[in-house]
Amino acid sequence: MLKSILITGANAGLGKEAARQLALQKGMEKIYLGCRNLDKAKAAKLELERSTGKSIFEIVLIDVADLNSVRAAVESLKEPIEGLIMNAGGTGGKRFYEKTKDGVTQIFAVNLLGHVVLTEALLKAEKLTKVTLYAGSEAARGVKEMGMKRPDLKSSSVDEFTSICNGIFFGNTKDATKPYGPIKYMAALWMSSIARQYPEIRFVTMSPGATTGTEGFNTLSPVKQYIMKGMMRVMLLLGKVHKLEVGAKRFVDGVQNESFKSGVFYASKSGLTGPIADQGTIFSDLNSEIFQDNANAAIHRFIK
Ligand SMILES: NC(=O)c1ccc[n+]([C@@H]2O[C@H](COP(=O)([O-])OP(=O)(O)OC[C@H]3O[C@@H](n4cnc5c(N)ncnc54)[C@H](OP(=O)(O)O)[C@@H]3O)[C@@H](O)[C@H]2O)c1
């Protein structure tokens, strides 16, 4: 069982609930709450201390969309951590399509670029010793129930993946649900690629499944929010989505249970809830080492 873990985006939603569940596990000694807003982080820390009765939480200030902040966070860690949950993410805010100073879109920076730099900096500094879990999504292999198509790449070349990083792939779309799936797909490919480079660390991509009670849709356009939240309500009534505790437990299981294999992307076997399965059995492109390494190479074009 893990003794220490860092969770990004730990002040809300799945990250905070995963922190709560992990604090109650035997042997857990330290949980670093990786948050970009100090006030929100302090409020979450207090609430977690009250709800768990544990004083094992420490705030690490980190904005995953800002690579300087990511590198400073790694430096601020006094001791190595055994586990990492790369949870911060979602639809990238109201200006998700704008470029960061690194040349990627906000939505790409939040979901992927910052986490790549975080993981690699931790490994380089020998500050990550056992397992890292990426918050994937069924959107990476398409979600019929929510009208999200499976990513449709023509060549899966480094150039084509680069166009996902900088947003060119999506034209002028103002709909954040369009880039979201392909970015989560690239993340799963990157995780499989880096898993082969570091066989001593377990790299698990795990979707929480469609989870209610998070703030995930709050930065979409009002119309899109109305549609997505409405769909979630109907799907909850139909038993096609699940509650926060269930989604966060997938993350907890992913880091604690070694039967979840390194380099594999786990998500719902069908639909968005229920049993999970290796997504490579559903979408075979995920198994291509060439695509995995091309995704990895494209991401590194934006890291100086
Ligand atoms: N909920 C679902 O149904 C679902 C399904 C599949 C995958 N996921 C994935 O699960 C993860 C968590 O989702 P959620 O639904 O729990 O979302 P959420 O309730 O919106 O929480 C997102 C968390 O990420 C933080 N965050 C956002 N941008 C950040 C940045 N630049 N730097 C640091 N922290 C940042 C937020 O902090 P602030 O409070 O400061 O904004 C918040 O703590 C995401 O990666 C999402 O894509 C969710």
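Residues are numbered from 1 along each chain as its sequence is written, and side-chain values use heavy atoms, without hydrogens and water. Because the model is predicted, local features need pLDDT of at least 70 and side-chain atom pairs count only at pLDDT 80 or more, while totals for chains, interfaces and linings use all residues.

Helices are DSSP runs (H or I, at least four residues) numbered from the N terminus. The axes of helix 4 (residues 106-124) and helix 6 (residues 177-197) come within 9 Å and cross at roughly 15°, the axes being lines fitted to C-alpha atoms over the stretch in contact, with angles from 0 to 180 degrees between N-to-C directions. Helix 4 is therefore roughly parallel to helix 6 (angles under 35 degrees count as roughly parallel, over 145 as roughly antiparallel, 65 to 115 as roughly perpendicular and the rest as oblique). In contact (heavy atoms within 4.5 Å), the residues of helix 4 include Phe-108 and His-115, and those of helix 6 include Tyr-180 and Trp-190. The residues of this contact comprise 12 nonpolar, three polar and two charged.

For helix 5 (residues 158-165) and helix 9 (residues 289-300), the axes come within 8 Å and cross at roughly 50°; the two helices are therefore oblique to each other.

The ligand is surrounded by 29 residues (a heavy atom within 4 Å), the closest being Arg-36, Asp-63, Asn-87, Tyr-180 and Glu-215. A ligand oxygen atom lies 2.8 Å from a polar backbone atom of Asn-87.

How values were computed: A polar contact is a pair of N or O atoms within 3.5 Å; within protein, one must be able to donate a hydrogen and the other to accept it, and residues adjacent in sequence count only if both atoms are side-chain atoms. Ala, Val, Leu, Ile, Met, Phe, Trp, Tyr, Cys and Pro count as nonpolar, Asp, Glu, Lys and Arg as charged, and the others, Gly among them, as polar.
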